[in-house]
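Subject: A structure for you to look at

Hi there,

I am passing a structure on to you, and I would be glad if you could take a look.

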Amino acid sequence: QKPHPPFSDYCAAGQVRLLTVREEEALGPCVARYFASKLWGGEEFFMQIDSHIWFVDGWDAQLVHAMRIAPSKKPVLSTYPPGSGG
């Protein structure tokens, strides 16, 4: 398997936008999600996750399929995932 380029390469290519907040300036997860939503740049899809999400093979194709068959022009898929501790 080919190694992934450094994270900064994705940022430089415009594929990832990053907002860094120092811990002492953090205002909690709801405010962080709000700030993250402001990084949207007009892409067809917008996904917001946190560091506790685990992905299965093919997750991206499954998610795009679910969005395309949803009975709405602007669907929102939401979930509260189970913990990873078993």
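Below is what was found, going from the whole chain to single residues.

First, some ground rules: residues are numbered from 1 along each chain as its sequence is written. This is a predicted model, so local features need pLDDT of at least 70 and side-chain atom pairs count only at pLDDT 80 or more, while totals for chains, interfaces and linings use all residues, and side-chain values use heavy atoms, with hydrogens and water left out.

**The whole chain**

The chain has three helices and zero strands, which gives the pattern α-α-α along the sequence. Here helices (H or I, at least four residues) and strands (E, at least two) are DSSP runs, numbered from the N terminus.

Of the 86 residues, 2% are buried. Buried means under 20% relative accessible area, exposed means over 50%, and partly exposed lies in between (1.4 Å probe, protein chains only). The accessible surface comes to about 8200 Å², and 59% of that belongs to carbon and sulfur atoms. These areas come from the Shrake-Rupley method with a 1.4 Å probe; for residues, only the protein chains shown count as cover.

Contact means heavy atoms within 4.5 Å. Among contacts between residues at least 6 apart in sequence, 15% join residues at least 24 apart.

As for charge, there are 8 positive and 9 negative side chains, and the centres of the two sets lie 10 Å apart. Lys and Arg count as positive and Asp and Glu as negative, with His and the chain ends not counted; each charge is placed at NZ of Lys, CZ of Arg, CG of Asp or CD of Glu.

**The loop between α1 and α2**

L18 sits in the loop between α1 (7-12) and α2 (29-37), and V16 has its place in the loop between α1 and α2. V16 is partly exposed because its relative accessible area is 25%, whereas L18, at 57%, is exposed.

Leaving aside neighbours within four places in sequence, V16 is in contact with F7, Y10 and C11, and L18 with F7 and C11. L18 and P82, 64 residues apart along the chain, have C-alpha atoms separated by 26 Å.

**Cysteines and a histidine**

The structure holds zero disulfides, a disulfide being a pair of cysteine sulfur atoms within 2.5 Å. C11 counts as partly exposed at 27% relative accessibility, and C30 as exposed at 62%.

H65 belongs to helix α3 (residues 59-69) and is partly exposed, with a relative accessible area of 48%. From H65 to E44 the C-alpha distance is 13 Å, across 21 residues of sequence.

Enjoy exploring!
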